[in-house]
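Please open the model in a viewer and keep the selection panel at hand. The stops below are arranged so that each selection leads on to the next.

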Amino acid sequence: MKRRTLPVAAALVATASLLLTACGSGDDGSKDNDKIAGADQGSETPSASASATGAPAEDKPDGVDVSLPKDLTMVFDWDKPTDKNEAAAMDDAANFLRAIYRGIDKRTTKDAALATYATGDGLHYGEVQINAWIKGGWTATGTERHYDVTTRSTTNDQAVEVAFCVDSTKFYGKEIKTGKVLKTEPSLADFDYFKIVMTKFPTADDLWQASKVYVETKAAKCQ
């Protein structure tokens with residue numbers, strides 16, 4: 001059993017349905033930037049404040065600890081865009097994903113990282129994912145790669161859609177009690193396509209929060 005047979009991408013069925021409705025045409029190169037799905041979602045004040053930790057500086061963007069266990073690696077094979085807002089939104093989309101797996105590792109949805117990098121439906125998505133892993137008695141191990149990233153902004157520069165592929169062929173679930181790593185042979189189920197709508201936090205220049213998450217599972221275009 002690998003990660004994609006765990007209830008990670010499937011736990012939010014409504015999210016996948018929204019992807020098919022909003023993005024099913026496959027026209028990712030659209031110039032109609034004001035029609036980013038979910039871009040009207042406003043940012044909310046993070047519900048938890050970041051506390052000082054002993055994490056290295058590179059693991060504490062915005063002063064929030066997003067460090068992960070040593071046996072878990074998240075690779076972001078991304079070229080940053082020249083647009084400052086899109087580059088910042090891309091960085092915080094990565095931090096949002098780190099925050100989810102940090103919550104899985106810490107066995108809580110209340111970690112400061114998730115509250116900092118998610119809001120609205122994005123926060124709900126993260127909480128559902130974390131709770132599914134906690135309920136199943138699993139944590140994550142291995143390497144997850146993120147690649148083929150694209151970004152597009154609304155004309156008011158308050159929302160950025162970050163879209164990318166995910167390769168989980170070397171990324172696994174692990175039973176907490178036994179330490180058993182749940183592996184299967186690589187397959188199409190290991191490839192997903194994500195679109196995360198990042199919204200600008202109103203009182204911080206460089207902080208962006210995931211407000212919507214759309215997931216296309218078994219994404220052949222990512223193989």
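**The strands**

Begin by selecting strand 2 together with strand 3 (residues 159-175): the two pair in the antiparallel sense over 13 bridges. The model is a predicted one. Within this pairing, His 146 stands opposite Val 166 of strand 3. Strand 2 and strand 3 form a hairpin, with five residues between them. Select Asp 157 in that turn, where phi is positive at about 60°.

Stay with strand 2 and select Asp 148, which lies in this strand. Phi of Asp 148 is near 50°, again a positive value in a residue other than glycine. As background, most residues other than glycine have a negative phi.

Strand 1 pairs with strand 2 (residues 138-153) in the parallel sense, over five bridges.

Now move to Glu 161, which is found in strand 3. Is Glu 161 buried or exposed? Glu 161 counts as buried because its relative accessibility is 4%, under the 20% limit. Display Met 90 as well: Glu 161 and Met 90 are 71 residues apart in sequence, yet their C-alpha atoms are 8.7 Å apart in space.

**The whole chain**

Zoom out and colour by secondary structure. The protein chain has four helices and six strands, and from the N terminus on the elements run α-β-α-α-α-β-β-β-β-β. If the view is coloured by accessibility instead, buried residues make up 49% of the 223 residues. Among contacts between residues at least 6 apart in sequence, 74% join residues at least 24 apart.

**The helix crossing**

Select helix 2 (residues 84-106) and helix 4 (residues 120-136). Their axes come within 9 Å and cross at roughly 30°, and the crossing of helix 2 past helix 4 is right-handed. Which residues of helix 2 and helix 4 make the contact? From helix 2, display Phe 96, Ala 99, Ile 100, Tyr 101, Gly 103 and Ile 104. From helix 4, display Gly 122, Tyr 125, Gly 126, Gln 129, Ile 130 and Trp 133. The residues of this contact divide into eight nonpolar, four polar and no charged.

**The salt bridges**

Side chains of opposite charge can pair when their charged atoms come close. In this model the count comes to eight salt bridges.

Select Arg 102 and Asp 65, which form a salt bridge with their closest N and O atoms 3.4 Å apart. Arg 102 lies in helix 2 and Asp 65 in the loop between helix 1 (13-23) and strand 1, so the pair ties together parts that are 37 residues apart in sequence. Arg 102 is buried, and so is Asp 65.

Shown together, Asp 65, Arg 102 and Asp 111 are linked in a network of salt bridges.

For the next pair, select Lys 212 and Asp 121, whose side chains meet in a salt bridge at 2.4 Å, N to O. This pair links distant parts of the chain: Lys 212 is in strand 6 (residues 208-216) and Asp 121 in helix 4, 91 residues apart. How do the two partners stand in accessibility? Lys 212 is buried, with a relative accessible area of 16%, whereas Asp 121 is partly exposed, with a relative accessible area of 36%.

**The segment after strand 6**

For the last stop, select Lys 218, found in the segment after strand 6. Lys 218 counts as exposed because its relative accessibility is 55%, over the 50% limit. Although it is not a glycine, Lys 218 has a positive phi of about 50°.

Which residues does Lys 218 touch, not counting those up to four places away in sequence? Display Leu 188, Ala 189, Phe 191 and Asp 192, each of which Lys 218 touches.

How values were computed:
Residues are numbered from 1 along each chain as its sequence is written. This is a predicted model: local features need pLDDT of at least 70, side-chain atom pairs count only at pLDDT 80 or more; totals for chains, interfaces and linings use all residues. Side-chain values use heavy atoms; hydrogens and water are left out. Axes are lines fitted to C-alpha atoms, for helices over the stretch in contact, and angles run from 0 to 180 degrees between N-to-C directions. A crossing is left-handed if the near helix is turned anticlockwise from the far one by less than a right angle, and right-handed if clockwise. Contact means heavy atoms within 4.5 Å. Ala, Val, Leu, Ile, Met, Phe, Trp, Tyr, Cys and Pro count as nonpolar, Asp, Glu, Lys and Arg as charged, and the others, Gly among them, as polar. Two strands pair if DSSP finds at least two bridges between them. Buried means under 20% relative accessible area, exposed over 50%, partly exposed in between (1.4 Å probe, protein chains only). A salt bridge is a side-chain nitrogen of Lys or Arg within 4 Å of a carboxyl oxygen of Asp or Glu.
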